[in-house]
Amino acid sequence: MTLGGLLDGPPAIVAAGVDVFSDALRAQGADVHDVEWRPPHFGDPADLAVLALDRRRAAANRTAVERLLAAGSVLVDVRPAREVLDIGDRMLLHSGPPLLWENASGPMRGALIGACLFEGWASSVEDAEKILASGEVTLDPCHHHRTVGPMAGVTSPSMWMWCLEDPVSGGKAYCNLNEGLGKVLRMGAFNDEVQERLRWMRDVLGPVLSKAVRGSIDAGNDPIDVKGILAQMLQMGDEGHNRNRAGSLMALRELSPSIVAVDAPSSDIAAVLKFAGGNEHFFLNLGMPTAKLALDAARDVPGSTMLTVMSRNGTEFGIQTAGTGDRWFTGPAQTPVGLFLGDYGPEDANPDIGDSAIMETYGVGGFAMAAAPAIVRFVGGTVPDALATTERMYQLTLAENPAMAIPIMGFRGSPTGIDVLKVARTGWLPQINTGMAGRVAGTGQVGAGLVQPPQECFEQALAALAEAARTA
Amino acid sequence: MQVSRTVAALPGVTGVIVAMATPLNLELATNMGLAPEEAASPEQLLIGVAAEDDEALAAAVAAVETALAERERSTGSAEAIPQRTIGGGLAERTTDGPALAIVSVPGQYAVAEAADAIAAGRSVLVFSDGVPVEHEVALKRAAHDAGVLVMGPDCGTAIVSGVALGFANVVRPGPVGLVAASGTGAQQVSCLLDMAGVGVSHVLGVGGRDLSEAVGGLATLDALAALDADPATERVMVVSKPPAPSVAATVEAAAATLSVPVRSAVLSAETPDLTAAVEGLLRDMGLDVPVWPSRPGAAEAAAPGAVLKGLYSGGTLADETMLIAAPALGEIRSNTPLSPHLHLALDPSAQDQFAPGHVVIDFGDDALTVGRAHPMIDPTLRLEAIAAVAASDEPAVLLLDVVLGYGADPDPAGALVPALSAARDAAEHPLPVVIALVGTEGDPQGWSKQADALAAAGAAVFASNSAATRYALDLLGAAR
């Protein structure tokens, strides 16, 4: 078949540009389909052209997508951060791109202060602020340690970490344990209630979960298939970022038999089960490292324009791409728009924060909103908005993830693998479902909503990818 | 939470919570001073309202009730999200049959859309101009590797299995395939073939630069191979403006290896005549060459010392005219001259845009179409030029092309006839008008209808541009 069968009969036409041609074709009775083309939203046209013509791109993106889709995720251990991470004695990990204390937002400062108090590095808020400002405590992004953390993402050496492994690549990823809702460290709260919970998590929850996970594996059971739970959640009304109800219950169901088998006081076992069962976001800290495993597997593919990271530190939004390695492209974090708890309002919300946008980078969360119509009660909008959001995201992505099927869309795979070039060409930015932390340190969560990355990140990434393509 | 937001916006309302009575929400309500007096369980709806006065409170409670009673009207179906790129549009179409992408976006953005089509294994017609030549080469190489064709950029004319794309004429289906690096050239050839009773299988435009040194005939070679393999195509003709000699040789060599016979309608000083090429093809096919349709017009003689003023909308037709006329007339100045020293810079806003002497202008040249439609659609500049020729005291013969078909002015004679009549009335000297009318009877405008109208205004009308040119030369009294 020559020219793809072009000459075999009257061709169907797909047209981009001025209408007169399509109108003339329709007048002839031709089959014409106009796309709604508009000038790219950003990016030097020369850069767009270089990337469009980069002969490495198609194959590189295919490789990146294949690795992403192939990655699995199983729960292999629960360990203190100091044992599994390259985390220094006085180091705190945080969400998002690199950050200096003086640029940190309220909730990030609150969480860092809370972690210093929790670790006993400071005995007062003032002391904590001093050692953080002086640089005595080092700050480093979670993402630099194969780790992700929701909201402030602050991870300290004594915190227990979910340890996940990709059986395909052998990669590992980590995330701390979710504290629940309300006044919590990740939202920037650090009062006694927060400290007490963190200590309980350190002394009771972590050890029990660790023994449960290890005990089950030692007894010859397969490790828990976390990716499998994520896939099932989407069939049960969760989107895996801001709605984790079904996933949390499924995770608890998987863990419960081994939890009750742990040799610990029954009051502790009961407290652990109550805590996990009472936390709608218990699963989030398992879902995030699952996404992280898949995106780390897709790293370092020269010529690929696919995102491997979207992440925010409360001040800046940062992205990385498979074609540009560990380089961050950043812009100012936007403030989410959504619904507020109690009488909090938009003026109380901090700019976007958290590594949890790894879920959207993986193609769930905001990208799979259609699977979770109930979420609009939490983040705002209507059910058709939720469906339309997922529909729109297909135009930004390179693939559909067959493992993450969306029932209401005829079990179509979720839109996966965000392409910087497509973002520029369509002018649509990725849609992220997110929690909102209070602007003032110590407040906690004030609401939930929708947010998009700043365009600047994508502008920089596009220019860097084009530069790499020119010199390739 | 949505109800909370609506009610909180009411005047006089100082605090609202409408939420499931979860421990978190109960705590939030307590902090707002709205804790329920009785114990609440998470499956219950917690409604707390604080207001400045009883009136505002009553209004808020009513608003809560209204909001809760209101059922969501939406059906749960998403609005359709139109695709924004060629890649998206092609992916959305599940047809396995022939498909073609058409790109007419601004040139700097055309590459990405065309690359989408190639990546999807589809051929693409790029109407856009202003595409850098290195991008054209990259696209055509990628298309070659993918086994598809890039028609263009700046490709205005094509016919694929009877579907006319851009500026093309209604011609009968038949055995002749055209590969055209020239839009109006392809229109002239396909229209003359139609008038001789011969149809075309396909007209594959390849863009005006395809036979340049830089592009090296990449699309022409692929189009030739495709037509060679096409069962509907029995003969092929290559139509082009004067090409780079080395590329012409490459194409000729490639054509010689094909099983389908290939005839050249590639313009050069030695082969200046598209009509002659068509006649050669007809003879190859064992067919009689018809008398090409014409209308005699007023047939008055030009004034002594008259010069040729050729005002063209088709670049290839302008080239053909200059190639035919130059041996008789000598130097012809042009904005698209045969040799650089004859270049005529044109300022479309200047009233007196003509140098004295023989001039041929291509109003379809990119420099004259910036910010305005092609002269086949918008005749303004050319009408002004006609008036300018009439106002000049230099005696002249006016030679024009009028191109019919899809995409062209629905009634070009409608605008030309009054302009020509006015010009002929106003001119100091007799002003003979000769028109090359490129089209077919089947065109929306109808060849005869247009020809009759133009002839009634005193113009001599020819279906063949070379015949029109030679007639103008006769009027000028120049020896051929």
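**Sheet and helices of chain B**

Me: Which residue in S9(B) does Val160(B) stand opposite?
Reply: This is a predicted model, in which local features need pLDDT of at least 70, side-chain atom pairs count only at pLDDT 80 or more, and totals for chains, interfaces and linings use all residues. Residues are numbered from 1 along each chain as its sequence is written, while chains are lettered from A and ligands numbered from 1 in the order in which they are written. Strands (DSSP runs of E, at least two residues) and helices (H or I, at least four) are numbered from the N terminus. Two bridges join S6 (residues 157–160) to S9 (residues 200–205) of chain B, and the residue opposite Val160(B) is His202(B).

Me: Which strands of chain B stand at the edges of the sheet?
Reply: Six strands form an open sheet of mixed pairing, in the order S7-S6-S9-S8-S10-S11, where two strands pair if DSSP finds at least two bridges between them. Each edge strand has a single partner, so one side of it is left without a neighbour in the sheet, and these strands are S7 (163–166) and S11 (262–266).

Me: Are H8(B) and H9(B) roughly parallel or roughly antiparallel to each other?
Reply: The axes of H8 (residues 218–229) and H9 (residues 245–256) of chain B come within 10 Å and cross at roughly 15°, axes being lines fitted to C-alpha atoms over the stretch in contact, with angles from 0 to 180 degrees between N-to-C directions. Angles under 35 degrees count as roughly parallel, over 145 as roughly antiparallel, 65 to 115 as roughly perpendicular and the rest as oblique. H8(B) and H9(B) are therefore roughly parallel.
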